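Thanks for coming. I will go through a few side chains and how they sit together, so please look at the screen.

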Amino acid sequence: MKDNPVVKALLYAVSGSLIVFYLYVIYLGTDPQVSDEYRAYYIDQTIPEWPY
């Protein structure tokens, strides 16, 4: 079963898609698309309380 080329190709395809997905998630984490209020309060921590 391990020598089956179809199984190997399927495992490589699944592994490759997981790698692409994780790289995309890392990219989204490094460049978040959030509002100015969210960025100031949670990311930059430049305001002391959430603006209501």
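Let me begin with tyrosine 38, which is partly exposed at a relative accessible area of 36%. Buried means under 20% relative accessible area, exposed means over 50%, and partly exposed is in between, with a 1.4 Å probe and protein chains only. Before I go on: this is a predicted model, where local features need pLDDT of at least 70 and side-chain atom pairs count only at pLDDT 80 or more, while totals for chains, interfaces and linings use all residues. Residues are numbered from 1 along each chain as its sequence is written, and side-chain values use heavy atoms, with hydrogens and water left out.

Helices here are DSSP runs of H or I with at least four residues, strands are runs of E with at least two, and both are numbered from the N terminus. Tyrosine 42 is also partly exposed, at 46%.

Now the rings. A pair of aromatic rings is described by the distance of the centres and the angle of the planes. Rings of Phe, Tyr and Trp (its six-membered ring) pair if their centres lie within 6.5 Å; planes under 30 degrees apart are stacked, over 60 edge-to-face, and the rest tilted. That rule gives five aromatic pairs. One of them joins tyrosine 38 and tyrosine 42, with 4.7 Å between centres and 40 degrees between planes, a tilted pair.

Next, tyrosine 41, which is partly exposed at 27%, and tryptophan 50, partly exposed at 30%. How are the rings of tyrosine 41 and tryptophan 50 placed? Their centres are 5.7 Å apart and their planes stand at 80 degrees, so this pair is edge-to-face. Ring pairs link Tyr38, Tyr41, Tyr42 and Trp50 into a cluster.

Let us move to helix 1, where serine 17 lies. Serine 17 and tyrosine 42 are 25 residues apart in sequence, and their C-alpha atoms are 31 Å apart in space. Serine 17 is partly exposed, with a relative accessible area of 42%. Its side chain comes to 2.7 Å from the backbone oxygen of alanine 13.

Phenylalanine 21 is in helix 1 too, which covers residues 5–30. The relative accessible area of phenylalanine 21 is 47%, so this residue counts as partly exposed.

That is my last residue. Questions, please.

Methods
A polar contact is a pair of N or O atoms within 3.5 Å; within protein, one must be able to donate a hydrogen and the other to accept it, and residues adjacent in sequence count only if both atoms are side-chain atoms.
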